[in-house]
Amino acid sequence: MQLGVEAEEYELQRGRRARRASSAPHAATAAPPLQSTGVLGSLKVLLVWLLFLLPGCYRARLAPPEMPHATQPKSETVWPMFWGLAQPEIAAGNCMGNGVSEVTVSTNFGFVMLTLVTLGITSPVNVEWRCAKDQGPSGENEGDEL
Amino acid sequence: MPEPLIVFESNVRFVNWHRNVQVEVARLYDAWNRWSDRSRPTTRRWEPGLRALSRIVQHAEADGKRVRALGGAWSLSEAAVTRDYMVNTKPLNYVDVGLKPENVDPAYAGNPEYLVFTQCGTSVLELNRILERRGLALPTSGASNGQTFCGAFSTGTHGAANMVGSMQDYVAGLHVVGEGGRDYWVEPASRPVVSRKFCETLGTELRRDDRLFNALLVSFGSFGLIHAALFMAVPIYLLERHVRPYSYDRVRPSLSTLDVSGLDLPDGRGLPFHYEVVLNPYARRDRQGAYVRFMYQRPYSALPAAPTTTDTRVIMRPSDDVLSVIGAIGDVAPALLPYAVEELLEREFEPQDGELGTPAQAFGSTTLRGSVVSTELGVPLLHAENAVEAVLAVANDFPFAGLAAVRYVRASAALLAFTHHEPFTCTIELPAAGSQRALEAYDRIWNELERRNVPYTLHWGQILKNDPAHFRRAYGTRLDAWLAARRAFLTPAGRRTFSNDLLERAGLAS
């Protein structure tokens, strides 16, 4: 099942949903339409807040589009120190000189608190990467020997 | 001959793409087409990868360990998993389009230029690109392109091209590394494709055996490590894509008959090339809640090139954790789930009317990540409506954060294909946000099908029943033939080496 939404498409669809709200189909059971019930309205608000609060990690991902991966994700927690004066660098030796196909940088509540408590002396982050595949002159690893 | 590069990491936590399978693995190997000095050969580029697979099998046997090949890690089941040695095959991506005449058996009646040799790690994405440049295409594929081709057909993955069949149905031959690290080329005796010269070039032993081939096709690595496959591509074509909303009552007559005359489709009464019905289980039957996604196959003509840009785009996406959160919230507040499913379907199934694209454009990358579960039923066509009613009955009694996607696939000859029901298998996929509630819903659905006497199979790459009796009922004599083929190909020690927990739970490991 293909499930991907671009930010600009999401904005367009939010607008369409607002116009359709008055004619939304009812649920299959005998229960009243969801949007007309006060309790369920409160639950929807709770749902939105929980979606923001419950996820444990902040992530940012560098992902060139349509890039096949050669490896499973590998990760390291790195510890930049002394307000950035000491800067960790990960030598990803498993990539066979191919470079990476994807990098994800994440932090979490514990890392944020550690940064605060140490006044920025250290500010750990987790770095996860996947390696790129071997390629040929045309892009893919294509041959003509058989 | 130089030594192949062998690299592995010990005591690794393996997590699949959909984050519902997590296992501690004793060794995770990466198999590359590299020699031990990390160089790549300029000819026979597949050779180091093949030798690496052979050597890894020997390692496993020497250490008394089981070994399993890992492709895209797309499976939602434990088909690719063992706690012993796993081999990441994604780097093995050599592809050769069109066989030379001397490599084709004289009896082969097809066009050798359409035969494609692909190593096991080549993804569907890579194949789509290569084939499009050559004016070719895959006859069918799954909904997205992140799987390896070999991993996809090894579990019986299919699309909705109802007259084409599943991905394994256009595979013509397989190169497998078995016991002792010895390798074999396996193809049907009734449909020989390659010549002895081809096998000499690969340095492999030829085995022509219909039963072995049909057993090996959908075996999720249980006969050895598949090094490569040979498949039949087709001339490139376009797909004219449509998405239309209907009420469930309006699509219901088509479920067990494939009679689409009541849907007023553009090409009239004929069944489209691709026909799929996605259902909101919670919509009222007489209101919009069935989204019919259908495609017509059209002759290829060059399309305007998509605009390319070197600009950097920053896109805000749902977090990797959103699906887990939705699943968790659904566990405690199931009354919210129908609302969430309706929102999802309205966003994902905007009406579409005749947009043209190549197969690669139609079935592209999955961008949403996170914890997903899914099971997929395969039922005979005549039982399709009853099976869908069973799903809807369970979902309305026990809501879960999922939906139902109904497709149709021509019956497969592969012994353990879950799409083996003649003449068509109706597949009903039930993807959901990962949660205990969704897993319980699947149990209830399976029980309801059995209560209604609906025979069903399950996709090997999705959530399965832990019940050997189910697999015996689902496959009957096909199961016996598969077991016999495996016993003939592997010794007891070999069967153990290429088994895993899933095989044991299914009663297939002996």
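A residue is called buried here if 20 or more other C-beta atoms lie within 10 Å of its own. That goes for every view below, and the model shown is a predicted one.

**View 1. Inside helix α7 of chain B.** Helix α7(B) takes in residues 322–332, and eight of its 11 residues are buried, so the rest of the structure largely encloses it. Which residues of α7(B) are buried? They are Leu323(B), Ser324(B), Val325(B), Ile326(B), Gly327(B), Ala328(B), Ile329(B) and Gly330(B).

View 2. The C-alpha trace of chain B spans about 70 × 50 × 50 Å along its principal axes. Its radius of gyration is 23 Å, which agrees with the value near 24 Å that a compact globule of 510 residues would have. Now for the contacts: among those in chain B between residues at least 6 apart in sequence, 74% join residues at least 24 apart.

**View 3. The two ends of the confidence scale in chain A.** Chain A averages a pLDDT of 75, with 62% of the residues scoring at least 70. Where is confidence in chain A lowest, and where is it highest? Helix α1(A), residues 7–20, has the lowest mean, 39, while strand β4(A), residues 125–131, has the highest, 96. Over residues 1–36 of chain A the pLDDT stays below 50, and this stretch has 45 contacts in the model beyond near neighbours in sequence. Where pLDDT is low, the predicted coordinates should not be read in detail.

Conventions: Residues are numbered from 1 along each chain as its sequence is written. Chains are lettered from A and ligands numbered from 1 in the order in which they are written. This is a predicted model: local features need pLDDT of at least 70, side-chain atom pairs count only at pLDDT 80 or more; totals for chains, interfaces and linings use all residues. The radius of gyration is taken over C-alpha atoms; the globule rule is 2.2 Å times the number of residues to the power 0.38. Two residues are in contact if their C-beta atoms, placed from the backbone, lie within 7 Å. pLDDT is the predictor's confidence in each residue, from 0 to 100. Helices (H or I, at least four residues) and strands (E, at least two) are DSSP runs, numbered from the N terminus. A residue is buried if 20 or more other C-beta atoms lie within 10 Å of its own, exposed if 12 or fewer, and partly exposed in between; C-beta atoms are placed from the backbone.
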